[in-house]
Amino acid sequence: MNGKLNKAIEIIKARTAAGEYKNQYCVLAQEDLDGCLTAAVITPSKADGMNQLTFCSGVGSNWAKRAERDNRAAVCFSSEEYSITLRGKLEILTDKEAKQENWYKGLENHFSGADDPNYCVLRFTTEKFKLFVDWEETEGSLS
């Protein structure tokens with residue numbers, strides 16, 4: 001199983017804003033404000049293996065509002081060759097260090113800089129995972 005986990009970790013790292021893939025995105029699913037599930041594409045700014053991912057958003061964004069209401073979430077990275085689904089919790093970070101550490105070039109289209117008061121970081125902590133890598137399924141828990 002370690003081979004599958006290591007490959008999944010490499011894929012996740014490559015799909016972050018600093019990664020090597022052209023398509024640096026994943027799908028983030030949350031419960032919407034009306035209680036229905038919703039999912040949308042978002043760019044992960046950083047990844048700590050499969051343990052934690054961070055995303056950048058606005059303080060008043062739907063992402064942040066949903067995380068405040070219900071912090072459960074799921075993240076999915078997929079292609080024709082793999083599917084990596086992570087379930088866990090989101091927390092909203094507004095401290096200067098987290099904002100500077102997760103800032104990347106594409107954010108300048110949405111915020112004035114890492115000190116923008118409307119900019120925040122969403123930190124996702126994985127609890128469970130389900131992988132389809134190398135045509136084999138693996139699932140487990142990180143917590």
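Select Ser141 to begin; this residue sits in strand E8, which covers residues 136-141. The model on the screen is predicted. Ser141 is partly exposed, because its relative accessible area is 44%, which falls between the limits of 20% and 50%.

Keep Ser141 selected and show its surroundings. Which residues does Ser141 touch, leaving out those up to four places away in sequence? They are Glu127, Lys128 and Phe129. With Glu127 there is also a polar contact: a polar atom of the Ser141 side chain lies 3.3 Å from the backbone oxygen of Glu127. Thr126 and Ser141 are 15 residues apart along the chain, and their C-alpha atoms are separated by 8.3 Å.

Next, go to the loop between strand E7 (119-133) and E8, and select Asp134. Asp134 has a phi near 55°, a positive value in a residue other than glycine. Its relative accessible area is 38%, so Asp134 counts as partly exposed.

Select Trp135, which is also placed in the loop between E7 and E8. The phi of Trp135 is near 65°, again a positive value in a residue that is not glycine. Is Trp135 buried or exposed? Trp135 counts as exposed, because its relative accessibility is 63% and the limit is over 50%.

Now turn to the aromatic rings, which form three pairs in this model. Select Trp103 and Tyr119. Their ring centres are 5.3 Å apart and their planes meet at 85°, so this pair is edge-to-face. Trp103 lies in the loop between helix H3 (96-102) and E7, while Tyr119 belongs to strand E7, so the pair ties together parts that are 16 residues apart in sequence. Tyr119 is buried, with a relative accessible area of 0%. Trp103 is partly exposed, at 25% relative accessibility.

Phe132 is partly exposed, with a relative accessible area of 28%.

Select Arg15 and Tyr25: Arg15 lies over the face of Tyr25, 5.1 Å from the ring centre. Then select Arg66 and Trp63. Here Arg66 lies over the face of Trp63, at 5.1 Å from the ring centre.

Notes:
Residues numbered from 1 in each chain as written. Predicted model: local features only at pLDDT ≥ 70, side-chain atom pairs only at ≥ 80, totals over all residues. Heavy atoms only, no water. Helix = DSSP H or I, 4+ residues; strand = E, 2+ residues; numbered from the N terminus. Buried < 20%, exposed > 50% of the residue type's maximum accessible area, 1.4 Å probe, protein only. Contact = heavy atoms within 4.5 Å. Polar contact = N/O pair within 3.5 Å; in protein donor to acceptor, adjacent residues only side chain to side chain. Phe/Tyr/Trp six-rings, centres within 6.5 Å; stacked < 30°, edge-to-face > 60°. Lys NZ or Arg CZ within 6 Å of the ring centre and 35° of its normal.
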